[in-house]
Amino acid sequence: MSRMYRHRVISFQRVVQLIAAALFNGYLIGFQKGKIFTGSTKAFCVPVLNCYSCPGALGACPIGALQTALGGIRHHFPFYVLGLLMLFGITMGRLVCGLLCPFGFVQDLLYKIPLRKRKVPKSIDRPARFLKYIILLVAVILLPAFAITSTKVTPPYFCQYICPAGTLEGGIPLLLTDPTLRTLAGTLFQWKLFVLLIVVIASVVISRPFCRYLCPLGAFYSLFQKFSFFQMDVQKEKCIGCKKCEHICPMEVEVTKEINSPECIRCGACKSVCPTKAICLGIITTFLFTACSNHIDTKEESVQTESGHGEKIESVLGYQLTYEPEIFSLGGAEGMDTYQFVSEDTLNAPVYLAVQRYKDMDADALIEGLILQSGIDGVKVQDTCIGEDNIEAKCIVIEREKYETTWIQAFYAIPRSKGALLVEVSRYTGMPEKAENCLEEMLASFSLKTEE
């Protein structure tokens with residue numbers, strides 16, 4: 001619901017991705033002259049898939065280095081490369097994929113192209129994700145180690161026949177600047193170009209397809225995901241089960257069930273859209289998240305008890321309402337109040353009333369944005385009134401079939417002198433009557449305070 005937070009996190013991710021790409025490929029003269037950098041830093045592996053042959057690359061690709069060590073004349077065990085990869089895996093896990101990888105950055109940009117997006121059916125998606133582990137085992141490890149040629153040097157099979165990052169970062173720039181290489185390019189380069197084209201097209205309609213299905217480096221880091229120093233956590237007491245985190249996840253991770261899944265790339269998208277800030281991320285120690293910055297305490301608002309009818313809440317957001325504390329509990333985040341349904345009964349869908357202030361967006365723009373975000377055609381906007389003072393508001397109602405029932409969300413955008421207030425009411429068919437009545441009473445008691 002919080003587009004402000006979402007933009008802030010995504011902007012941070014893009015900045016880090018840009019800085020990482022510039023640091024790993026900072027030899028700009030190489031792009032101009034079409035020559036590969038051969039300085040002393042090339043002896044060191046970077047943590048991402050970044051082609052050694054890229055004219056700007058300042059370090060070595062760990063996957064390429066691993067194949068070279070295994071397939072060299074002496075076939076040495078790659079202690080250095082494996083040790084470095086394990087260090088990256090233990091400290092960061094797949095955070096490398098979400099924030100540092102240049103080819104991941106390219107896929108993120110391609111997915112922003114405004115074309116219709118597709119979801120891969122689970123029956124295909126889940127088995128296909130094991131393909132990257134097969135590529136890691138066969139193309140990166142077994143073939144270079146055991147498929148010995150007459151020269152006793154085996155080629156880097158993944159780099160030579162599959163890697164689209166190498167084609168984009170190394171092959172194409174070198175061919176563009178070197179006429180001799182263009183005359184030598186043959187069937188193998190055409191095949192690599194075809195693989196790159198497939199990945200590029202897929203990236204426009206499917207989020208991060210190479211990371212999901214093909215990347216052996218992502219497969220290696222995923223082995224350390226469960227116990228890497230960098231971890232994420234869903235605080236169950238704050239989670240309202242809205243599933244917004246899962247809807248936005250580029251890797252389609254079931255965040256509420258397994259946030260530290262091997263498929264999670266730590267991009268922070270789930271954290272950015274969580275309405276109750278229930279998701280923490282940071283460096284984990286034995287006892288706590290030392291870098292978790294989104295812990296929120298229950299708001300200490302001015303409260304007065306009305307005889308026989310719940311509690312009156314006067315909010316800093318510019319409204320007040322009455323609610324029944326035995327049914328709904330009040331939680332707060334910066335710029336937001338959330339009244340969550342509390343019950344020992346098993347719920348089929350989330351029940352809550354949340355109010356949030358948007359300082360830089362009027363009611364019309366807010367509603368239009370919500371309609372676009374829903375991805376549902378034919379959503380109608382209604383002019384209505386809510387609260388004891390008949391406050392004018394723009395309203396949309398969105399229904400989805402989830403959790404084996406119908407989930408209903410109503411959004412009310414209330415104009416203010418500075419921006420708008422958004423009231424979101426989430427319920428489901430067949431919910432407890434007491435909760436339904438309390439929700440209606442809360443909406444009926446909604447009242448604006450003096451403008452700030």
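Tutor: A residue is buried under 20% relative accessible area, exposed over 50% and partly exposed in between, using a 1.4 Å probe and protein chains only. This is a predicted model, where local features need pLDDT of at least 70, side-chain atom pairs count only at pLDDT 80 or more, and totals for chains, interfaces and linings use all residues. Residues are numbered from 1 along each chain as its sequence is written, and side-chain values use heavy atoms, without hydrogens and water.

Student: What makes the span of helix 18 agree with expectation?

Tutor: The expected span is 1.5 Å times one less than the number of residues. Helix 18 covers residues 433–445, and its 13 residues should therefore span 18 Å; the end C-alpha atoms are 18 Å apart, which agrees. Among its buried residues are A435, C438 and L439.

Student: What makes strand 12 a partner of strands 8 and 11?

Tutor: Two strands pair if DSSP finds at least two bridges between them. Strand 8, residues 352–358, is joined to strand 12 by 7 bridges, so the two pair, and they run antiparallel. Here Y358 stands opposite A420. Strand 11, residues 405–415, and strand 12 also pair in the antiparallel sense, over 9 bridges, with Y412 opposite V423.

Student: Why do F220 and Y221 form an edge-to-face pair?

Tutor: The structure holds 12 aromatic pairs. F220 and Y221 are 6.3 Å centre to centre with 70° between the planes. Phe, Tyr and Trp (six-membered ring) rings pair with centres within 6.5 Å, and planes under 30 degrees apart are stacked, over 60 edge-to-face, the rest tilted; so this pair is edge-to-face. F224 and F227 have centres 5.9 Å apart and planes at 70°, so they are edge-to-face too.

Student: Are F220, Y221 and F224 buried or exposed?

Tutor: F220 has 11% relative accessibility and counts as buried. Y221, at 0%, is buried, and so is F224, at 10%. Ring pairs link F220, Y221, F224 and F227 into a cluster.

Terms used: Helix = DSSP H or I, 4+ residues; strand = E, 2+ residues; numbered from the N terminus.
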